[in-house]
Amino acid sequence: GGAAPGGCGGMAAVLAEIQAKRVAKAQSAAAAESVDATRGARPSSGPGSGLSECGPSDLELALELTEGEQYMVATLKVPRLGDRLRALAFAESFAGRASSVAAQSRTLALACTSLRRS
């Protein structure tokens, strides 16, 4: 499969923006609690308030993801990820497999030599 629309070159920037929005959201919530505690006022969501009355955007939904979930979303956009992971697994297991084949090959060569001499 090909890359997702929009590519993944800006994924680090997107994740940094998500983190910055998460921090800003936490700071905004803390400030709202402070205002509520001192004046009992709540921010309005009317025109000019800066708060949206629409549903959450994809970025706002992403703010609810844990770091692990954000990582998984980012890795889903890596081209040929499955092939790359299988290649890494093969490379990791290659030395053990190669030594096993080499031992079997030596045994077969000794058997052939023994048959030729008999």
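Visitor: Why is Thr75 called buried?
Guide: Buried means under 20% relative accessible area, exposed over 50%, and partly exposed in between, with a 1.4 Å probe and protein chains only. Thr75 has 13%, so Thr75 is buried. This is a predicted model, in which local features need pLDDT of at least 70 and side-chain atom pairs pLDDT 80 or more, while totals for chains, interfaces and linings use all residues. Residues are numbered from 1 along each chain as its sequence is written, and side-chain values use heavy atoms, without hydrogens and water.

Visitor: What makes Arg86 and Asp83 a salt bridge?
Guide: The term requires a side-chain nitrogen of Lys or Arg within 4 Å of a carboxyl oxygen of Asp or Glu. The closest N and O atoms of Arg86 and Asp83 are 2.6 Å apart, so the pair meets the definition. The structure holds one salt bridge.

Visitor: Why is Arg86 called exposed, and why is Asp83 called partly exposed?
Guide: Arg86 has a relative accessible area of 54%, and therefore counts as exposed. Asp83 has 44%, so Asp83 is partly exposed.

Visitor: Why is the pair of Phe90 and Phe94 called tilted?
Guide: Rings of Phe, Tyr and Trp (its six-membered ring) pair if their centres lie within 6.5 Å; planes under 30 degrees apart are stacked, over 60 edge-to-face, and the rest tilted. By this rule there is one aromatic pair. The ring centres of Phe90 and Phe94 are 5.7 Å apart and their planes stand at 55°, so the pair is tilted.
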